[in-house]
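Trainee: Could you walk me through reading strands and aromatic rings in a model?
Mentor: Gladly; let us look together.

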Amino acid sequence: MKNPERELLHGNAETLVLARLAEGECHGYQMRKDLARRSHHYFQFAFGSLYPLLRGLERRGLVKATWIKAGKVRERKQYQITVAGRRELQERKRKWRQFSEAMERILSSKR
């Protein structure tokens, strides 16, 4: 049986990541924590899905990654949204509003 909540997250994961990065750059672990906290733990990204998603966004030019020092020896990737990523996010927000308004019209209908 399909999990509708999981399908909704999968279909909107890129939008959530772009929205978080629009607020400022961060690394994957911080992004995962922020999205979970802000959604009251409704959105729980597995690292096995978050990092491939980030790589895909990077390949498409929607995010940019740079390695930064994290301690004396360790480095980690810091992600930031690009201009193209901001445009994509605005379009996704527009489409989401249209979708959610249409859903609400049907769900709140009193035939």
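Mentor: We take the strands, then the ring pairs. This is a predicted model, in which local features need pLDDT of at least 70 and side-chain atom pairs count only at pLDDT 80 or more, while totals for chains, interfaces and linings use all residues. Residues are numbered from 1 along each chain as its sequence is written, and side-chain values use heavy atoms, with hydrogens and water left out.

Trainee: How many bridges join strand 2 to strand 3?
Mentor: Start with the terms: helices (H or I, at least four residues) and strands (E, at least two) are DSSP runs, numbered from the N terminus. Two strands pair if DSSP finds at least two bridges between them. Here strand 2 (residues 63-69) runs antiparallel to strand 3, with seven bridges; T66, for example, has Q78 in strand 3 as its bridge partner. The two strands form a hairpin with five residues between them, and G71 in the turn has a positive phi of about 100°.

Trainee: Which strand does strand 1 pair with?
Mentor: Strand 1 (residues 26-27) is joined by two bridges to strand 3 (residues 75-81), again antiparallel. C26 stands opposite Y79 of strand 3.

Trainee: And how do I read a ring pair?
Mentor: A pair of aromatic rings is described by the distance of the centres and the angle of the planes. Rings of Phe, Tyr and Trp (its six-membered ring) pair if their centres lie within 6.5 Å; planes under 30 degrees apart count as stacked, over 60 as edge-to-face and the rest as tilted. This structure holds four such aromatic pairs. One of them is F47 with Y51, stacked at 5.8 Å centre to centre and 15° between the planes. Both residues lie in helix 3 (residues 47-59), four residues apart, about one turn of the helix. Ring pairs also link Y29, F47 and Y51 into a cluster.

Trainee: Why is the pair of W96 and F99 called tilted?
Mentor: Their planes stand at 40°, with the centres 5.7 Å apart, so the pair is tilted. W96 and F99 both belong to helix 4 (residues 83-107), three residues apart, about one turn of the helix.

Trainee: What lies over the face of F47?
Mentor: R32 does, at 4.3 Å from the ring centre. A charge sits over a ring if NZ of Lys or CZ of Arg is within 6 Å of the ring centre and within 35 degrees of the ring normal.
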